[in-house]
Amino acid sequence: MERPVVLHVEAPPGAPSGSALLLRPWEAADAPAVLDAFGDPAMRRWLVSRVDDGPGAARWVAEQRQGWADGGRLAFAVVGRVPGARDAGERVLGNVVLKGATRGGRSAEVGYWTAPAARGLGVASRAVGALTGWAFATFGQDGLDRLELLHQEDNAGSCAVAAKCGYALDAVLPASPPDFPRDGHLHVRRREW
């Protein structure tokens, strides 16, 4: 991919106007938000990668930025407002990423995480939906016709997001420790012709 992309996700009908999301490349200034998110026990349970300190958060952000330069990992910071939060400003609410999308490639993987303050607000499903549409529009003409979303079998929230975004459960994958200590779900969404 030659240059990073920014995606705008409008607020759902009937939602406050501040409910719009911005999906943009990660910036160095986002490192404190990454460190805060990765400190959450749920994140530690569901994610393989670890971020334990400021330098680790800076490295994580740099890796996401390098993914755009290399073209193999297109990660977006999901930015928006949290309704009712004391600080009404925009903040990092999560991450969505497209892994392995190449010109001529038939499949790629979608991943995401949501910061604790943004859970239950529809952020993940809206961000995954936007990324899905963008991925098929951008890479579909060159052959992309299948997106995969994987999560641990006991992660009911991720299962719900996958279903809401049109990713059908395709298979149960056996555990593969140490990276994948539990069985997993493989969800698939195919491009609509």
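This is a conversation about how several terms are applied to a predicted model.

Biologist: Why is Phe76 called buried?

Modeller: Buried means under 20% relative accessible area, and Phe76 has 0% relative accessibility, so Phe76 counts as buried.

Biologist: What makes the pair of Trp68 and Phe76 edge-to-face?

Modeller: Two rings pair if their centres lie within 6.5 Å, and planes over 60 degrees apart count as edge-to-face. By this rule the count comes to nine aromatic pairs. In one of them, the ring centres of Trp68 and Phe76 are 5.2 Å apart and the planes stand at 90°, so the pair is edge-to-face. Trp68 and Phe76 are both buried.

Biologist: Why is the pair of Phe76 and Trp134 given the name edge-to-face?

Modeller: The centres of the Phe76 and Trp134 rings lie 5.5 Å apart with their planes at 85°, which is over 60 degrees, so this pair is edge-to-face. The pair links distant parts of the chain, since Phe76 belongs to strand S3 (residues 73–80) and Trp134 to helix H4, 58 residues apart. Trp134 has 11% relative accessibility, and therefore Trp134 counts as buried. Elsewhere, Trp26, Phe38, Trp60 and Trp113 form one aromatic cluster.

Biologist: How do you know that the buried residues of helix H5 line one face of the helix?

Modeller: The buried residues of H5 (residues 156–164) are Ser158, Val161 and Ala162. Seen down the axis of H5, these buried residues fall within an arc of 100°, so they line one face of the helix. The face turned away from that buried side carries the exposed residues Ala156, Ala163 and Lys164. Among the elements that cover the buried residues of H5 are strand S5 (107–114), helix H4 (123–139), S6 and S8. Just after H5, Gly166 takes a positive phi of about 85°.

Biologist: What makes strand S8 mostly covered, and which strands pair with S8?

Modeller: Strand S8 (residues 184–190) is mostly covered in that five of its seven residues are buried. For pairing, at least two bridges are needed between two strands. Strand S6 (residues 146–152) and S8 have seven bridges and pair in the antiparallel sense, with Val188 of S8 as the bridge partner of Glu148. Strand S7 (residues 168–173) is joined to S8 by five bridges, and these strands also run antiparallel; here Val172 stands opposite His185 in S8.

Biologist: Why is Asp183 called partly exposed?

Modeller: Partly exposed covers the range between the 20% limit for buried and the 50% limit for exposed, and Asp183 has a relative accessible area of 33%, so Asp183 is partly exposed. Asp183 is found in the loop between S7 and S8, and the side chain of Asp183 reaches the backbone nitrogen of Ala175 at 2.9 Å. Leaving aside neighbours within four places in sequence, Asp183 is in contact with several residues, including Gln152, Glu153 and Val172.

Conventions. Residues numbered from 1 in each chain as written. Predicted model: local features only at pLDDT ≥ 70, side-chain atom pairs only at ≥ 80, totals over all residues. Heavy atoms only, no water. Buried < 20%, exposed > 50% of the residue type's maximum accessible area, 1.4 Å probe, protein only. Helix = DSSP H or I, 4+ residues; strand = E, 2+ residues; numbered from the N terminus. Arc of directions from axis to C-beta. Contact = heavy atoms within 4.5 Å. Phe/Tyr/Trp six-rings, centres within 6.5 Å; stacked < 30°, edge-to-face > 60°. Polar contact = N/O pair within 3.5 Å; in protein donor to acceptor, adjacent residues only side chain to side chain.
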